[in-house]
Amino acid sequence: MRIGKWRYLAPAAALVLMASACGSDDGDGQGGQEEAEALPASDLNPADRDDLQDGGDFVFALSEYEDQHNLAHVQGNKADVRRVIAAAMPSASNFDEEGGYENNPNYVLDYGVSDDGLEVWYELNPDAEWSNGEPVTWEDYEANAITRSGERDGDFELGSTVGYERIESVEQGDDEFSFTLQLSEPYGEWPTFFNELYPAESMDDDEAFAEDYYRDLPLTAGPFGDAEFDEVAERITLHKNEDWWGEEPKLDRIIFDAMDSDAMAGAFDNGEIDAFYLGYDAAAYQRLEEQEGDGAYFTRAVNHGHRFINLNGSSPRLEDKRVRQAIALTIDRDVMAEVSLGSVDWPITGEVNRLLRSSQHGYQDNSGDLGDVDIDRAEDLLDEAGWTLEGEETVRTNEDGDELTIDFIVSEGLEIAQDEGEIAQDMLSEVGIDVQIQQVPANALFTEYITPGNFEMAAFVLTGQHPFHSGTKGNYGGPLDEDGEDWGNNNSQHSTPEINDLFDEMAEETDEDRYAELANEIDAALWDEVVTIPLYERPGFWVMDENLHNFGESGLAVEWIYEDIGWAAEGE
């Protein structure tokens with residue numbers, strides 16, 4: 001049996017950096033895993049509000065200029081969209097870097113759940129108002145609940161109905177600022193309801209649902225608003241809400257500047273942006289590493305995301321689980337991690353859990369045998385699936401003479417994606433799988449390829465929206481319709497009844513140990529199906545101006561308290 005490790009011939013500069021970064025590893029990845037587990041839960045360059053100046057702009061680099069800003073819409077489920085929306089729209093709960101939660105008093109004065117778990121009640125803040133001066137009332141929450149449950153008539157392109165499908169009714173309380181959700185089944189993750197809220201008029205109608213927040217934020221109710229979309233410069237500018245009822249924002253404006261990831265380090269170096277996510281950009285790290293502590297602040301903490309290779313289970317060439325398993329047995333995840341993380345001086349480990357982060361209770365790697373390279377087994381599985389190598393051929397064919405050629409989609413302007421495609425191409429050629437790399441524009445990667453299912457393999461990141469995990473059923477469960485055609489946020493377009501049932505059981509679980517056990521059972525089931533191949537936890541590595549505070553890696557909290565972000569006052 002041939003079981004081996006790949007050695008990817010990276011560029012010389014990257015090899016030098018990897019050599020220095022890997023010095024503390026003991027050779028089996030354990031050293032890197034221990035380093036990863038020692039990372040703090042967050043790193044925000046913290047400062048008291050009293051030590052920050054009043055005013056100023058913050059220019060924040062985004063990797064894409066997104067069109068759809070309704071997060072409930074299947075095309076709006078993006079991390080860059082959430083960063084904008086979190087500054088401008090209501091949210092019922094606040095989460096912390098350790099995974100805790102509490103009501104967000106700017107919108108919800110108090111909330112709770114009944115002993116049987118079938119009623120969730122809310123007392124709203126009567127001071128909360130939309131930018132047109134109208135109050136945020138129970139009717140806004142009702143409209144969001146009904147639409148997101150999937151029960152409203154119309155063509156609503158929902159990304160997920162998880163949790164909301166359990167809501168049977170929304171009942172007004174004593175006034176317009178109180179209401180109760182009546183649930184058909186308990187939902188242990190009820191604090192995730194209304195993680196973002198849109199006005200009723202944008203949720204009642206399918207046309208408004210799709211169009212109101214397309215390149216626009218017509219109504220806002222956050223510390224920032226009055227949005228300006230500049231489609232030429234690809235910038236979104238949010239202004240301080242002068243009518244904000246909470247803690248006064250320290251900044252005057254937040255400017256979200258979209259650009260290729262490979263351009264961010266240069267923009268920072270030239271003073272064009274104040275912060276960006278560096279992640280695993282080796283060239284950016286090389287360019288800026290000497291500025292750490294001398295004008296720049298580098299964050300190092302656990303990030304609530306992971307990078308993976310997505311396999312489209314609806315593709316005729318990937319619909320057989322044996323083919324997907326063979327791909328997993330051929331991809332050397334350790335090499336992928338070394339190439340990406342070693343070049344930015346980050347703990348190197350191929351261990352990753354699709355649901356639980358390394359900072360969470362019960363975290364473990366569930367890859368089993370499928371996480372190791374085993375070329376012989378991969379070849380046997382391909383043979384069993386009817387893809388064989390004949391004579392001196394280098395690419396497998398089936399009985400119809402079709403070649404096992406798989407398209408690997410990569411985003412232009414993202415060097416790491418190109419590297420991953422080339423590494424996968426080299427590795428999979430060993431077992432007779434031909435990989436064709438197709439570069440596509442960054443702003444079209446999801447809208448035109450990933451979300452519609454116009455791809456076979458692609459590598460990207462999935463980031464959590466909060467510390468709970470049953471909501472990821474939207475990414476791994478489904479389908480959403482009886483015909484099996486609407487997969488919502490599940491880009492693999494494949495799942496099983498077992499996976500769906502486990503997610504449903506986890507959604508009701510309140511015992512911490514059993515919850516973690518179910519999360520690991522789900523991750524193991526996803527490994528067996530190989531809907532994705534997890535590569536590594538995403539580094540919590542941001543670069544920012546050292547005078548910018550209360551921003552950076554927020555861990556399981558995911559978002560920032562935007563009104564607390566600000567610049568150090570003179571003398572501080």
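Arginine 215 counts as partly exposed because its relative accessibility is 32%; buried means under 20% relative accessible area, exposed over 50%, and partly exposed in between, with a 1.4 Å probe and protein chains only. The residue lies in the loop between H5 and strand S8 (224-230). Helices (H or I, at least four residues) and strands (E, at least two) are DSSP runs, numbered from the N terminus.

The model is predicted: local features need pLDDT of at least 70, side-chain atom pairs count only at pLDDT 80 or more, and totals for chains, interfaces and linings use all residues. Residues are numbered from 1 along each chain as its sequence is written, and side-chain values use heavy atoms, with hydrogens and water left out.

Aspartate 345 also has a positive phi, of about 55 degrees, although it is not a glycine. This aspartate is found in the loop between helix H9 (333-341) and helix H10 (375-384). With 43% relative accessibility, aspartate 345 counts as partly exposed.

Four strands form an open sheet in the order S4-S5-S7-S6, and the pairing is antiparallel; two strands pair if DSSP finds at least two bridges between them. S4 and S6 stand at the edges with a single partner strand each, so one side of each has no neighbour in the sheet. From one strand to the next, the twist averages 15 degrees. Axes are lines fitted to C-alpha atoms, for helices over the stretch in contact, and angles run from 0 to 180 degrees between N-to-C directions. Within the sheet, S5 and S7 run antiparallel and are joined by five bridges. Glutamate 119 has glutamine 182 in S7 as its bridge partner.

Which residues of H4 are buried? They are Trp138, Asp140, Tyr141, Ala143, Asn144, Ala145, Thr147 and Arg148, which is eight of the eleven residues in the helix. These buried residues pack against strand S4 (108-113), strand S5 (119-124), strand S6 (167-172), strand S7 (178-183) and helix H5 (206-211), where contact means heavy atoms within 4.5 Å. After H4 comes glycine 150, with a positive phi near 85 degrees.

A second open sheet has five strands in the order S15-S14-S16-S13-S17, with mixed pairing. Its edge strands, strand S15 (434-440) and strand S17 (532-540), each pair on one side only. Neighbouring strands are turned by 30 degrees against each other on average, direction ignored. Strand S14 (residues 405-411) runs parallel to S15, and seven bridges join the two. Threonine 405 stands opposite aspartate 434 in S15.

Two packed helices are described by the angle between their axes and the distance between the axes. For helix H14 (residues 497-508) and helix H15 (residues 512-529), the axes come within 10 Å and cross at roughly 165 degrees. H14 is therefore roughly antiparallel to H15; angles under 35 degrees count as roughly parallel, over 145 as roughly antiparallel, 65 to 115 as roughly perpendicular and the rest as oblique. The crossing of H14 and H15 is left-handed, meaning that the near helix is turned anticlockwise from the far one by less than a right angle, whereas clockwise would be right-handed. On the H14 side, the contact is made by Glu498, Ile499, Leu502, Phe503, Glu505 and Met506. The H15 residues in this contact include Tyr515, Leu518, Ile522, Leu526 and Glu529. By class, the contact has ten nonpolar, no polar and five charged residues. Here Ala, Val, Leu, Ile, Met, Phe, Trp, Tyr, Cys and Pro count as nonpolar, Asp, Glu, Lys and Arg as charged, and the others, Gly among them, as polar.

Glutamate 529, in helix H15, is buried, with a relative accessible area of 11%. Not counting residues up to four places away in sequence, glutamate 529 touches Lys321, Arg324, His494, Thr496 and Ile499. Arg324 is also one of the buried residues of H8. Helix H8 (residues 321-330) has eight of its ten residues buried, so it is largely enclosed by the rest of the structure.

The loop between helix H13 (473-476) and H14 holds proline 479. The peptide bond from glycine 478 to proline 479 is cis, with omega near 5 degrees.
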